[in-house]
Amino acid sequence: MGVSPWVWSVLALVAGVGLSLWVANVQQRRFETQSVASLERVAERTHAALLDRLEAAEFLARAVQTLFLTSQEVSQEEFANMYANLHPRELMPGLQALAYARRADGDAQEGGADRYVTELVQPLDGNEAVVGLLVNRQPANLSAVMSSRDSDRPALSAPFRLVQASGDRAVVIDGITLRLPIYSPGAPPLTRNERRERMRGSLAISFRVQPLIESALAAELREQLHIEISDVTDGPARLLFDSHPRPHGGSAPARESVQDLVYGGRVWRVEMHSAEHAPMTLDWSQSVLVPGLVASLLLALLVFSVAGTRRRALALGWSMSRRYRESEARFRALNDLLPALVLLARGSDGRIIYANQASRARLGEGVGDLHLPLLFEDAQLRGQLAEAGTRGCSNVEAVLRSVNGDRFWAALSIKPIELNGSDQLLMVATDISEQRQLTELLSYQASHDALTELYNRREFERQVERALAAIAAGAPAAALLYIDLDQFKLINDTSGHIAGDQLLSQLAITMREQLREGDVLARLGGDEFGVLAASVRDQPGAHHVAERLREGIDGYVFVWEHSTYTISASIGAVMIERGDTTSLKDLLAQADTACYMAKENGRNRVHFYSAQDDDTTRRQSEMEWANRLRWAVDERRLLLKYQEVFPLGPLAAGPHLELLLRFRDEQGKLVVPGAFMPAAERYGLMPMIDRWVIETALANFDRLHPSGAGLQLATINLSGASIEDESFALLILQWIERYGIAPERVCFEITETVAVRNLSQVTRFIQHLRSAGCRIALDDFGAGMSSFGYLKNLPVDIIKIDGSFIRDLMTDPMSQAIVRAVTDIGHQRGLQVIAEWVTSEEIVGALVELGVDFAQGFALHKPEPVVCHRGYLQP
C-alpha cells in the first residue's frame with residue numbers, strides 16, 4: 001500500500017520551511033557582508049571624488065599659470081577675462097576666490113623675508129578684503145606659498161579663517177588655499193635655489209571646505225553614512241567636515257572605514273561609519289523567508305500535480321537556459337573582437353556593468369569599478385551624463401581618462417537603451433589620438449616655415465587679410481613691413497647654405513624679441529620676412545617699430561666656425577588705414593616696392609611707400625636703370641666727386657683723396673651709386689663704368705684736385721666683374737703709361753667681399769698692378785669676416801675699416817675693440833689703416849688714441865665735384 005499523499009505534502013512542507021529558514025539566514029549574512037564591502041567601495045569612490053575636486057582645482061590653477069608664463073605682465077582685465085572664460089564656480093562649488101600675489105623684497109624691519117602682496121583677485125564681489133592682502137600675515141597660507149615655490153607642485157594650506165569672514169565671528173575656520181608658483185620666463189627651474197631666485201609670485205585658489213567636500217559626496221551617501229573628514233598633517237586633527245555632527249559629549253559610533261587622502265603636502269583623514277538610522281538587518285520585505293513559507297505550502301499542495309510534469313518542465317527550462325547562455329556568449333565574443341571600445345552602464349547611476357576587451361585594454365582592467373561620467377575630462381559632458389534621464393550624446397570628440405590616469409582623445413556616441421526591463425547606457429568609442437596629433441601637425445606645417453618656425457607666406461597673407469577686414473570695421477591702423485637682408489648672399493657664398501640657414505633661424509629669434517605683443521612675424525621666402533605691426537595708429541608709430549627691427553638686425557653679429565658676420569636689412573613699409581581700399585595683392589606689391597627703394601637709397605634703412613614718390617615709380621625696374629646706364633657715357637651723365645683723406649699723424653707730403661662716382665639724371669639731380677650699382681652689377685655694366693672712371697681719372701689726373709700736380713695719391717674703386725677680367729690689369733698699366741702718371745700716385749680700392757670671393761684671381765690682378773708701382777687698398781675691412789688669415793696671401797698696402805664700426809666707436813665697446821685689433825694687425829703687416837664714416841671730432845680723437853693712420857668722412861670733408869675750366873671731366 002502506498003504512502004498517503006498528505007504524507008508527501010507534510011514532508012514537502014517541512015523540507016520547504018527548513019530550506020526557507022536556511023536560505024534566509026544565508027541571505028542575512030550575505031547582506032551584512034555586502035554592506036561592509038559596499039562601505040569600502042563607497043569609501044574608495046569618496047576618496048576618488050575628493051581627489052578629483054582637488055585635481056580640478058589644480059587644473060584651473062595650471063590654466064591660469066599658463067597665462068602668467070606667456071606674459072611678462074598680466075593686467076587686471078586679462079586676469080578677469082581668464083576667470084570669466086573658465087567659469088570656475090560652476091565646476092567647483094565652494095570656490096571663494098582666484099588670486100595672484102606678487103613677490104616683493106622683504107622689509108628689513110620684518111626680518112628681510114620676501115613679501116607676497118595680493119594684486120589680482122577674481123571675482124571682486126565679496127572678495128574686496130583680499131585686494132592688497134599681505135599673505136605673510138597668514139602663516140598657513142604663507143606656508144603653502146613656500147611649499148609650492150620649492151617643489152614647483154601644487155600645495156594646500158592648513159585650514160584657516162579666510163579674510164572675507166574676518167567680520168563674521170560666527171563663521172568657522174573652514175578656509176583653505178591651493179597654491180601654485182609663478183616663475184620668471186624660461187626653461188622650468190630644476191633646483192630649489194633656482195626656483196627661489198626665479199619666483200615672481202604665487203597663484204591661489206581659496207575654498208570654503210564645507211561646500212567643496214559636500215559637492216564631492218552624493219546626497220544619499222551623506223544620509224546613509226556618517227562621514228568625518230579631518231586634516232591630520234601636523235599636530236592634532238582639525239575637523240573639516242562632519243555629515244552628522246554629534247551633540248557635545250555624545251559617544252562616537254564604531255569606526256568602520258578610515259582612509260588617508262594625500263594631496264598638496266596635506267593629509268586628510270576620511271572616516272566613514274554606518275549612520276545610526278541605517279538598517280543593519282535585512283528588511284522582511286526583502287527576505288526570502290515569507291515567500292519561502294508560502295512557496296513551501298504551495299509546494300505541498302502541488303506535489304501531486306507536479307509529479308508528472310516536473311521532468312518536462314526541467315527539460316524545457318534547461319533548453320531555454322542553454323540557448324540564452326549561447327546567445328550571450330556569442331554577443332560577448334563578438335564585442336570582445338571589436339576594435340572599438342564598447343561599454344554598458346546602468347542608466348540609474350552610470351555604473352559600468354560591461355566592458356569589452358578593447359575597453360579593458362585601453363581604459364584599464366578596473367574600468368568595471370567606475371561610473372561612466374568619471375571617464376570624461378570635460379566637466380560639462382560629465383555633468384550631462386550624470387543627469388537623470390540623460391539622452392547621451394552622438395558623434396562627439398572628447399578626452400577620456402583611463403584607470404591609470406592616461407588621457408586620450410576618442411570619437412564616441414552614447415545612447416540610452418533598455419535591456420531586460422532596465423534603462424542602460426551604451427557607449428561605443430574609437431581612439432583618435434594619433435589622428436588628432438597628425439591633424440594638428442599637418443595644420444602647423446601648413447601655416448609655418450619649417451626652418452624658422454615662423455608663419456609662412458600663406459598664413460601671413462591670411463593674417464593681413466584679417467587685419468584689413470578689422471581696420472575696415474574700425475580697428476586702429478596697422479603697418480605692413482617687408483624685410484630683405486642685405487648681406488645674406490655673401491654668407492651663403494662664403495660659408496655655405498648651412499650657415500645661411502642657421503643665420504635665418506637666429507635672426508628670426510632676434511626679430512621676434514624686437515616686436516610687440518600682437519605683431520605678426522613671418523618668413524616669406526629666402527631671406528625675406530614680413531611683419532604685420534598691429535595698432536601703430538600712425539606712420540611715426542610704424543616707423544618706430546620698423547627702426548627697432550632694423551637696429552636689432554644691424555646690431556646682430558653672426559658667428560660661424562672661425563668667422564663672424566654683420567648683417568643689415570632694408571625695410572619697406574606700407575600703412576594700412578581705415579578707408580583704404582587697397583587689395584592684399586597691391587598692398588604686398590607696395591611693400592615690396594618700398595623695400596626696393598630702401599635698397600636703392602643705400603640699404604640698411606626704412607622706406608615708407610608713397611604714391612607721390614616719383615622715385616618709386618621711376619625706379620621699380622632695374623632693367624630701366626640698365627638701359628639708362630648703357631647710354632650714360634655717351635650722354636655724359638657720369639661724373640666724379642672727390643673726398644679728401646686726412647692723416648691723423650704727421651702731415652703727408654701732399655693731399656690724398658678718393659674718387660666717388662655719381663649719376664646725373666634728366667633733371668640734373670645727382671644720384672648716389674646705391675641707386676644704380678645693383679642694376680649695373682646684375683646686367684654686366686660694371687666693366688664699362690670702371691673703364692670710364694679709370695681712364696677719365698688718369699687722363700685728367702693733375703686736375704682732380706685744386707692742388708693740381710701736388711696731389712700725392714688718388715684712390716679709384718674697382719668692381720668684382722672688372723677684376724675677374726685678367727686683361728684689365730694690362731689695360732690699366734697701358735693708360736698709366738699713355739698719360740704719363742707715376743704709378744705710386746695711383747691707388748686701386750677693392751672691397752673685402754670681392755677679395756674673398758675669388759682670392760687667387762684677385763691676388764694675380766693685384767700683383768700685376770703692384771709690380772708696376774701702384775698701391776692697393778682693401779675696403780670695408782671687417783664687414784664680413786673675422787679671420788685675418790687671408791691677409792697673409794693678399795698683397796695690399798692699405799686697409800680701410802668698415803664704417804659700421806667707426807659709426808658706433810663711441811658707444812659700442814665691441815666696435816672699439818675691433819678697430820684696435822684691425823689697426824694693430826695692419827701695422828704688424830706694414831699696412832696703412834684708414835677709418836671711414838668719421839662723423840664727429842670726438843671720433844677723430846678716439847682714432848688718434850687707437851693709432852689709426854688716416855680718417856675720411858663728412859666731419860673732415862664733404863665730397864666735391866671734380867671740375868676744370870672746361871666743365872666736367874671726360875677722357
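The questions below concern ring contacts and a nonpolar surface patch in a predicted model.

Q: Why is the pair of Phe68 and Phe79 called edge-to-face?
A: The ring centres of Phe68 and Phe79 are 6.1 Å apart, and their planes stand at 70°. Rings pair if their centres lie within 6.5 Å, and planes over 60 degrees apart count as edge-to-face, so the pair is edge-to-face.

Q: What makes this pair a tie between parts of the chain?
A: Phe68 lies in helix 1 (residues 5-69) and Phe79 in helix 2 (residues 76-86), so the pair ties together parts that are 11 residues apart in sequence. Both Phe68 and Phe79 are buried. Ring pairs also join Phe68, Phe79 and Tyr100 into a cluster.

Q: Why is the pair of Phe663 and Phe676 called tilted?
A: The centres are 5.9 Å apart and the planes are at 50°. Stacked needs under 30 degrees and edge-to-face over 60, so the pair of Phe663 and Phe676 is tilted. Phe663 belongs to strand 23 (residues 656-664) and Phe676 to helix 19 (residues 673-682).

Q: How do you know that Arg436 lies over the face of Trp409?
A: Arg436 is at 3.5 Å from the ring centre of Trp409, and the cut-off for that distance is within 6 Å, together with an angle within 35 degrees of the ring normal.

Q: Why does Leu297 count as partly exposed?
A: Its relative accessibility is 46%. Buried means under 20% and exposed over 50%, so Leu297 falls in between.

Q: Which residues make the nonpolar surface patch of about 360 Å²?
A: Leu13, Leu297, Leu298 and Leu301 make the patch. Helix 8 (residues 289-337) gives the most, with three residues.

How values were computed
Residues are numbered from 1 along each chain as its sequence is written. This is a predicted model: local features need pLDDT of at least 70, side-chain atom pairs count only at pLDDT 80 or more; totals for chains, interfaces and linings use all residues. Side-chain values use heavy atoms; hydrogens and water are left out. Patches are made of residues with over 30% relative accessible area and no salt bridge: like charges are joined within 9 Å, nonpolar side chains (Val, Leu, Ile, Met, Phe, Trp, Tyr) within 5 Å. Accessible areas come from the Shrake-Rupley method with a 1.4 Å probe; for residues, only the protein chains shown count as cover. A salt bridge is a side-chain nitrogen of Lys or Arg within 4 Å of a carboxyl oxygen of Asp or Glu. Helices (H or I, at least four residues) and strands (E, at least two) are DSSP runs, numbered from the N terminus. Buried means under 20% relative accessible area, exposed over 50%, partly exposed in between (1.4 Å probe, protein chains only). Rings of Phe, Tyr and Trp (its six-membered ring) pair if their centres lie within 6.5 Å; planes under 30 degrees apart count as stacked, over 60 as edge-to-face and the rest as tilted.
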